[in-house]
Amino acid sequence: MIDIHNHMLPAVDDGAKNNVVALSMLKEAVRQGVEHLVLTPHLYEVDIIKGTGEWKAKIEAGKRTIRELIETHELPVEITVAAEVRYQDMLPIILEELDVLIGGKYLLLEFAFHSVPNNIERIIYDITRKGITPIIAHPERIKPWQRDPKMLEELINMGCPTQLDIGSFLGKLGPSSEALANFLLERDAVHLVGSDSHNIDSRALYAKPGYDWISERYDVEYADLLLKINPGKILNGEPVEVYPVHLEPGILSLKDKIMNMFKS
Ligand SMILES: [Fe+2]
């Protein structure tokens with residue numbers, strides 16, 4: 001398996017806080033059968049407000065550490081370092097100065113949980129015009145899309161692959177994330193799933209349970225597509241098939257809607 005989204009790079013973001021945690025996470029990934037980890041630390045505007053130098057230094061240090069851990073403990077896992085980029089005004093600078101793409105072509109892009117920009121289609125269009133394909137990170141956790149999944153339709157139909165967090169469909173990230181994750185999985189509106197693992201307890205890595213869940217609920221082919229085939233294509237910068245979808249509104253249960261009202 002390939003884990004396309006996690007926070008194992010030590011001492012960069014709110015993920016692995018030190019080498020000990022990073023090593024535990026690496027060992028757990030190997031134990032579950034992950035052969036390649038795409039390390040995607042959060043990159044917020046605040047990280048580069050004074051320039052990109054500090055970020056580059058943190059990434060280089062984290063990369064050195066993780067390579068040493070893999071070598072010292074002889075762990076059979078490969079790594080690629082990218083980033084989970086929060087949408088921000090600094091995006092052009094990020095794309096110009098930092099090495100954040102996966103496979104030289106894909107950008108793991110996340111939006112704020114409580115709001116998405118009104119001109120999101122334009123934003124996506126501007127990114128794709130540069131030859132970059134945004135991967136929409138954990139759409140099932142974004143409140144406006146939980147309330148109205150139809151808003152996601154256009155982004156997928158513009159060719160953006162979506163990446164679900166495994167914790168969402170396993171029910172570890174709340175009922176609203178679980179409901180939208182299931183809705184999207186049922187409609188073939190999911191192209192990748194990732195662990196989005198941050199640590200070894202509250203946000204642990206559930207790659208194998210995620211693979212097994214999809215295999216049992218759907219079939220092995222779907223699990224392979226989301227955890228092996230599509231992530232492999234992305235690592236190689238190859239195109240991923242993103243078919244047009246129809247995400248009709250109003251699918252969330254009344255219970256989910258009421259819960260969303262209280263949360264927002
Ligand atoms: Fe993440």
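Start by selecting strand E3 and strand E5 (residues 84-86): two bridges join them, and the two strands run parallel. Keep in mind that what you have open is a predicted model. Now click on Leu43, and you'll find Val85 of E5 standing opposite.

Next, zoom out to see where this pair belongs. Colour the strands in the order E3-E5-E6-E7-E8-E9, and you have an open sheet of six strands with parallel pairing. Which strands stand at the edges? They are E3 (42-43) and E9; each has a single partner strand, so one side of each has no neighbour in the sheet. As for what holds such strands together, strands of a sheet pair through backbone hydrogen bonds.

Now hop along to a loop. Select His138, between strand E7 (133-137) and helix H6 (143-147). Its phi is positive, about 25°, although His138 is not a glycine. Is His138 buried or exposed? It counts as buried, because 27 C-beta neighbours lie inside 10 Å.

There's another stop of this kind at Asp196, in the loop between strand E9 (192-194) and helix H10 (207-217). Asp196 isn't a glycine either, and its phi is positive too, near 50°. With 27 other C-beta atoms within 10 Å, Asp196 is buried.

Last stop: the largest nonpolar core, which has 67 residues. Select Met8, Leu108, Ile135 and Ala207, the ones with the most contacts inside it. Then stay on Ala207 and look past its neighbours within four places in sequence: its contacts include Met1, Ala29, Val34, Ile166 and Leu227. Asp3, Gln32 and Ser195 are in contact with Ala207 as well.

Notes: Residues numbered from 1 in each chain as written. Predicted model: local features only at pLDDT ≥ 70, side-chain atom pairs only at ≥ 80, totals over all residues. Core = buried A, V, L, I, M, F, W, Y, C linked by C-beta atoms within 7 Å. Buried ≥ 20, exposed ≤ 12 C-beta atoms within 10 Å, placed from the backbone. Contact = placed C-beta atoms within 7 Å. Helix = DSSP H or I, 4+ residues; strand = E, 2+ residues; numbered from the N terminus. Pairing = 2+ DSSP bridges.
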